[in-house]
Amino acid sequence: MKRLLIVAHAPSPNTLRLRAAVENGARHEDIEAVEVVVKPPLEAGPDDILSCDAIILGTTENLGYMSGALKDFFDRSYYPCLEKTQGLPFAYYIRAGHDGTGTNRAIESITTGLRWKLVQDPLICRGEYRDEFEEQCRELGMYVAASLDAGLI
Ligand SMILES: Cc1cc2nc3c(=O)[nH]c(=O)nc-3n(C[C@H](O)[C@H](O)[C@H](O)COP(=O)(O)O)c2cc1C
């Protein structure tokens with residue numbers, strides 16, 4: 001079994017829907033050999049990263065940056081993981097009420113430092129909430145889990 005870790009901040013009903021959609025896609029019935037672990041960032045840490053084969057991050061944009069919770073997760077994980085997780089496949093989604101670029105830049109910068117490998121274009125769910133965000137999140141989860149299952153990432 002491979003392990004896919006989903007670490008996503010979900011402080012509102014909409015963002016809970018997005019996280020559930022990512023998980024739902026990752027648990028697609030045709031994906032057989034991937035265990036899915038879902039944690040809020042404040043409950044996740046370097047041990048979770050060290051024991052996964054791929055990671056999907058999710059965050060809101062708050063005040064032009066990723067959520068404090070996801071930032072704290074990186075703060076606690078960066079150095080314990082730096083030498084051990086180079087090449088880790090990852091993807092991410094951002095829920096941004098109106099922008100998302102500051103958060104996107106910040107995640108790019110931190111994950112470049114970690115030398116993780118981006119396996120899907122960033123998904124930015126921007127603007128007024130739309131139901132289609134959930135389908136996009138579901139596809140993101142399914143894509144990463146299916147790629148892991150097939151040994152493509
Ligand atoms: C204090 C605060 C700051 C925010 N700052 C930003 C921001 O800088 N950029 C942005 O795109 N959205 C911003 N938002 C909107 C949030 O991204 C959005 O409300 C959040 O992702 C939850 O989505 P929802 O309202 O659909 O549940 C902010 C929201 C709050 C409460």
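**Ligand contacts**

I started with Ser12, where a polar side-chain atom sits 2.5 Å from an oxygen atom of the ligand. I count a polar contact as a pair of N or O atoms within 3.5 Å; within protein, one must be able to donate a hydrogen and the other to accept it, and residues adjacent in sequence count only if both atoms are side-chain atoms. The model is predicted, so local features need pLDDT of at least 70 and side-chain atom pairs count only at pLDDT 80 or more, while totals for chains, interfaces and linings use all residues. Residues are numbered from 1 along each chain as its sequence is written, and side-chain values use heavy atoms, with hydrogens and water left out.

I then looked up two further contacts. A polar backbone atom of Gly64 is 2.7 Å from an oxygen atom of the ligand. For Arg95, a polar side-chain atom lies 2.9 Å from a ligand oxygen atom. Taken alone, the ligand exposes 610 Å², and the protein buries 65% of that (Shrake-Rupley method, 1.4 Å probe).

**The shell**

**Aromatic pairs**

I searched the whole structure and found six aromatic pairs. Rings of Phe, Tyr and Trp (its six-membered ring) pair if their centres lie within 6.5 Å; planes under 30 degrees apart are stacked, over 60 edge-to-face, and the rest tilted.

Tyr78 and Tyr79 make an edge-to-face pair, with 5.1 Å between centres and 80° between planes. I checked the exposure of both (buried is under 20% relative accessible area, exposed over 50%, partly exposed in between; 1.4 Å probe, protein chains only). Tyr78 is partly exposed at 22%, and Tyr79 is exposed at 66%.

Why is the pair of Phe90 and Tyr92 stacked? The ring centres of Phe90 and Tyr92 are 6.0 Å apart and the planes stand at 5°, so the pair is stacked. Phe90 is buried at 2% relative accessibility, and Tyr92 is buried at 1%.
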